[in-house]
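Good morning, and thank you for the time. I would like to take you through the aromatic contacts of this structure. Please keep it in view as I speak.

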Amino acid sequence: MEQYEPDRLSPAELAAVRRSFPNGRAAMTRRSLLRASAGGTLTLGGLGALAGCGIPAAGKSQGGVSADDHSAKEKVVNFSNWPEYIDVDDSGKHHPTLDAFRKRTGITVKYTEDINDNDEFFGKIQPQLAAGQDTGRDLIVLTDWLAARMIRLGYVQKLDASNLPHAFANLSDQFRSPDWDPGRAYSYPWQGISTVVAYNKKALDGVEVKSVSDLLDVPALKGRVGLLTEMRDTVGMTMLDMGKDPAKFTDDDYDAVIARLQKAVDKGQIRRFTGNDYTSDLSKGDLAACVAWAGDVVQLQADNPDVGYVVPDSGYMTSTDNMLIPNKARHKTNAERLIDYYYEPEPAAELAAYINYVSPVADVKPYLAKIDKSAADNPLILPDKAMQAKSHAFRSLSSKEETAYQAKFAKLTGA
């Protein structure tokens, strides 16, 4: 029997996970910077135990393991997502888009905000998937690098295109064919995440910031620059600045980026590497400029007119949180109908208006404008074609590369 040895978490990766608990996707601004979100607890011993023994693979990368589909008789979808990552009504108890889906289809969505960290969630569901068991979930949302791992391990089911007419037709070109899921056979984006350069105009005091080079090299910014603890964002943005392609880089390219960043650290240019907590420093002016997530910038600008951003000429990094159907899901067809529903312009616009992340749905602008014209005109929420052309994705990494690259980045950041 073929044995699967789960990807081991190196000390550097474990440190990155610990950093992510207060600062990762669950802590990102959704509707308000003041809204708290749940924290996760990774059972490191549990993952270590999994990594120490061979576990039968649940499936091959050519396709996952299906179960009897009970969609016709059981009008339900069990949907796991991140905290504060969907529209909520004024009472805080209902999700209008999910309510509308139920009224139209008769399918009830049992929505659970139980994904607080990618690695933690993988550790929670991996034993069941490896054993060929139902996780109790029909639809999950994972960041692209973990989605790639799930597909590679054969832990998710291939989607039935006949149930996804809107998704196929309306997916933005920017997200159509990632290297880890060409043609979107196994996944569709829930939302996009853009990484840009943000600044506090008052704190800059006349200094112009247009690029990552400015962050790393302008003497007037010494000690007032922030970079992200997310390796793919900080390394990717610096790689672009150096004229390298994050989708095609080599080990030497990666090492060159680390060396450049180390030089900036050694001369005191970098104040600190942060997760989402950079938002307070930027708003107050303790950080004059930083690498930032666009969703945060949108929210900060609503409260502070001094906060601005720039998309460097060299480009910017983009990633996605993605909807996938795990093996043995009982309600695959219902889950596919829900995926497809969020690619209709109306519900897509409602979602974008609430959470302010990048909508993966093309031609949603006129529908969003009816709800919030300022959001519809904001390229951080709906990138225009010129901005889309500047977007770049970090290439998929092997387990060996992931371990080596994270170790070098952890040494750089002092993790």
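Ring pairs join F79, Y85, F101, Y111, W190, Y341, Y342 and Y357 into a cluster; rings of Phe, Tyr and Trp (its six-membered ring) pair if their centres lie within 6.5 Å, and planes under 30 degrees apart count as stacked, over 60 as edge-to-face and the rest as tilted. The model is a predicted one, in which local features need pLDDT of at least 70 and side-chain atom pairs count only at pLDDT 80 or more, while totals for chains, interfaces and linings use all residues. Residues are numbered from 1 along each chain as its sequence is written, and side-chain values use heavy atoms, leaving out hydrogens and water.

Across the whole structure, a search finds 14 aromatic pairs. In one of them, the ring centres of F79 and Y111 are 5.2 Å apart with planes at 80°, so the pair is edge-to-face. F79 and Y111 are both buried, that is, under 20% relative accessible area with a 1.4 Å probe, protein chains only (exposed is over 50%, partly exposed in between).

Y254 and Y405 have ring centres 4.1 Å apart and planes at 15°, so this pair is stacked. Y254 and Y405 are also both buried.

Finally, two charges. R149 lies over the face of F122, 4.9 Å from the ring centre, and the charged end of R176 sits over the ring of F168 at 5.7 Å from its centre. The criterion is NZ of Lys or CZ of Arg within 6 Å of the ring centre and within 35 degrees of the ring normal.
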